[in-house]
Amino acid sequence: MTKMPKWADVILTPLISLVLAMAISALVILAIGESPMVALTTMIDGALGSSYGWGFTLYYATNFIFTGLAVMVAYHASLFNIGGEGQAAMGGLGVALVLLSLPLPHWALALPAAMIGAALFGAAWALIPAWLQAKRGSHIVITTIMFNFIAAALLNYVLVNLLRPVGSMDPASARFPDATHLPKLSDMALALGFEWGKNTPVNISFFVAVIACVLVWLLIWRSRLGFEIRAFGKSEPAALYAGINPVRITVIAMLISGGLAGLMAINNVMGEAERLVLNAVEGAGFIGIAVALMGRNHPLGVFLAALLFGFLYQGGGELALWTSIPRELIIVIQALVILFTGALDNMVRMPLERMFMALRKRGA
Amino acid sequence: MAAETQTRGRPETAAPAAIELRGISKAFGPVQANRDIHLRVERGTIHGIIGENGAGKSTLMSILYGFYKPDAGEILVGGRPLTITDSQTAIRAGIGMVFQHFKLVPNFTVLENVILGVEEGRLLRPSLSKARGVLKRLAQDYELHVDPDAVVENLSVGHQQRVEILKALYRRADILILDEPTGVLTPAEADHLFRILEGLRAEGKTIILITHKLREIMEITDTVSVMRRGEMVASVRTADTSPEQLAELMVGRKVLLNVQKAPARPGKPVLEIRDLRMVDASGVERLRGIGLDIRAGEILGIAGVSGNGQTQLLEILGGYPEKGSTVSGEVRVNGAPLPLTGAGCNAAERRRKGVGHIPEDRQAEGLIMDFSAWENVAFGYHDAPEYGRGPLMDRDAIRRDAEGKIRRFDVRPPDCDLAARNFSGGNQQKIVVAREIERNPDLLLIGQPTRGVDIGAIEFIHKRIVELRDAGKAILLVSVELDEIMSLSDRIAVMFDGRIMGERLPGQTTTGELGLLMAGVDADATPPPKIFPEKCE
């Protein structure tokens, strides 16, 4: 017997957690002598009140969808991939190498090529931890986080010593050729005859992210490979009994996970910066963990949670811009949301379960 | 029913009962684990409590030992009402518990385990020497011989159990509760345990024995209570009842205790094992040269106390030997050698070669507990072409198949979307059995087919196994339940310490003889029995 209806599990619980996080954030804002209402309206106005705000919110959300899906796929194989940060950074390198070395005449060709580069580099960066986990039992949490640092150092070296154009003082690659620039959503709206999101970075990658959600859903819940990944994630002894090869599943799940994290680079590197800069990922790899947790490791949940975090990112930026609330407080608010929706999930869930059981008992 | 709740109407006798429960109820959410339980256990008696899994026996005993608080009802110990809030209260009231899974520190000595939690003072030495004296006396009085300085992990399971009993007695327990105590013992060890219990009874101790083995109830108890679905359906004197009556009370309908089967008609050899050896990752030799043959249309039962290599044998045959182990020897199925190492040695490959497997631990291996019933029906066969072509699975096809299997195997509730976790043990096992048997394997490996399965489902599962045999399939049955081995097998091989100690025919052996073999005693040097007799008993 399930303890509570599915809608309560997937919608009510995160919603209550979110409200609790907001309430405590409001208290903190009160405590520093600011008005929570003003803060909230500033955030909502800034992130959702205009097509300009939406443009940024969706841009951030696109990053978080990719990294959230990455964490989610690994999670279903019971692997906690916290190396999204490094894998996304390496994905950026993949994008840069493809776009700077291949003469691609049009973005429609450049996008698939860049996607392959991004996914390959991200997957390759996940392969070593996966292999160490599968063969040597080295814990994936330890190795993936170490690989984040290695990726950062490697990227630093590559940018400074190899990709930096001659004479440039900036540790960044050359700009990608104009032909490979991805269409922004604002350009696409303009082509359709209306103005939307002018000067915002959200681009066609957003649709790629949405398609990725659907494909990941197909993979996990409709495919044989997904069945094996989930079975392995639930019980390794049972997987062995069923003839599922743990090494194969560990490696494949991590390759897919790393590939998804790497794909983020088509949004931030190819779509927005249009060149590779240092620290392009800006923590999106870690946000992906919260997004996957809050999204209950389901693509639809990941999509919604990514939107929420996109809102928090953009709204938080606005808050720092227009109010005297310090930038650090935005991180506090984001942390509270992560804390309540991710770590303190059971605090809300268990009373809810009890409530639904009591209701059912009375109904029966 | 005449036997129904005799205790309730009985007038108060002069001597207060050792334990009396009045109207105990306990619910976990919507599940009523215990409902208005009345129980009276007289001082100096052995009282059995039987019931199927999930009948509420363990909950009741946990209430008695202070692990759970009852929602309603009253507990009287020695005639005085007592609120048992925790196990310390229970221990002070003279209640001792021997759990099914021992609660011992493996790398402590017997003495250290005995005084753990009741050390007197800051220094250990006085407590230890006091305990040494007490243990000596207890050993003499009750045949509870254990070397006090032995490290627990080096003791046999039977001796570890004695340590648990000693722990309880050292805490001055007058009432001893034993939860499924014989599950891990050889018949000889079980007999010894029963002698200990009889000695304790003679000293005026009260013993509550929880078991699902009817034979033990009949053998040793004075009175017996039967639980069904959280209720106490009967409390009777053991002398006034019969195994058939108890089984009927447990299940709520008539049950056939013996397997009905025609003599086997063995055909060509299906499984041939020669000199199979296995050394595990820590260098311990688990299988020491196993040789077995099973023919089509035959059930070979492997008897043995658990932990003597049966698990390793099943895993190797099933295609997944323990990680880091080395396996050697020869195994043939239908004449073709099975790879024992390398890439060809995996469970999927075995299934393609017609080897089905009902694993020993359905919850850890046979099922994914969080998967729905229909997903579990595909589990292990998810590559089968009828479950969809290409990389995607055909959910409708699997569900149709699952619905059929659930219907044919009477899985209850017949809901193929329900997670495996939410089925009872018996119905979980039916899902596994349905999946493996309906694939019509040439060789079916079966480990503990009825462990934790209720009597009604046991009857059903046994019938299906015999049907598969009659369809000309070879079956390897591993079970620690000697009764099951005796009634299902056409031949019995006894395993001890990684060896086959001998083969016997069920009609021509006794539990006593098998028990000796299970304990590693090769009692008689009689020539091996004729392996394929023309007739079976």
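A crossing of two helices is left-handed if the near helix is turned anticlockwise from the far one by less than a right angle, and right-handed if clockwise. In this predicted model, local features need pLDDT of at least 70, side-chain atom pairs count only at pLDDT 80 or more, and totals for chains, interfaces and linings use all residues. Residues are numbered from 1 along each chain as its sequence is written, while chains are lettered from A and ligands numbered from 1 in the order in which they are written.

**Chain A overall**

- Chain A has 16 helices and zero strands. Helices (H or I, at least four residues) and strands (E, at least two) are DSSP runs, numbered from the N terminus.
- The C-alpha atoms of chain A fill a box of roughly 75 × 60 × 40 Å along the principal axes.
- The radius of gyration of chain A is 21 Å, which agrees with the value near 21 Å for a compact globule of 364 residues. This radius is taken over C-alpha atoms, and the globule rule is 2.2 Å times the number of residues to the power 0.38.

**Helices α3 and α8 of chain A**

- The axes of α3(A) (residues 51–76) and α8(A) (residues 205–222) come within 9 Å and cross at roughly 20°. Axes are lines fitted to C-alpha atoms, for helices over the stretch in contact, and angles run from 0 to 180 degrees between N-to-C directions.
- α3(A) and α8(A) are therefore roughly parallel to each other (angles under 35 degrees; over 145 is roughly antiparallel, 65 to 115 roughly perpendicular and the rest oblique).
- α3(A) passes α8(A) in a left-handed crossing.
- Among the residues making the contact are A:Leu58, A:Ile65 and A:Phe66 of α3(A), and A:Phe206, A:Ala209 and A:Val216 of α8(A). Two residues are in contact if their C-beta atoms, placed from the backbone, lie within 7 Å.
- The contact residues divide into 11 nonpolar, three polar and no charged. Ala, Val, Leu, Ile, Met, Phe, Trp, Tyr, Cys and Pro count as nonpolar, Asp, Glu, Lys and Arg as charged, and the others, Gly among them, as polar.

**Where chain A touches chain B**

- Here 19 residues of chain A are in contact with 25 residues of chain B.
- On the chain A side, α9 (224–234), α10 (236–241) and α16 (345–363) each supply at least two residues. The largest share, five residues, comes from α9(A).
- That side divides into 10 nonpolar, four polar and five charged residues.

**Domains of chain B**

- Chain B is divided into domain 1 (1–94 + 176–181 + 206–249), domain 2 (100–173) and domain 3 (269–363 + 442–518). The bounds come from an automatic or database domain assignment.
- The C-alpha centres of domain 1 and domain 2 of chain B lie 27 Å apart.
- Their contact takes six residues from domain 1 of chain B and six residues from domain 2 of chain B.
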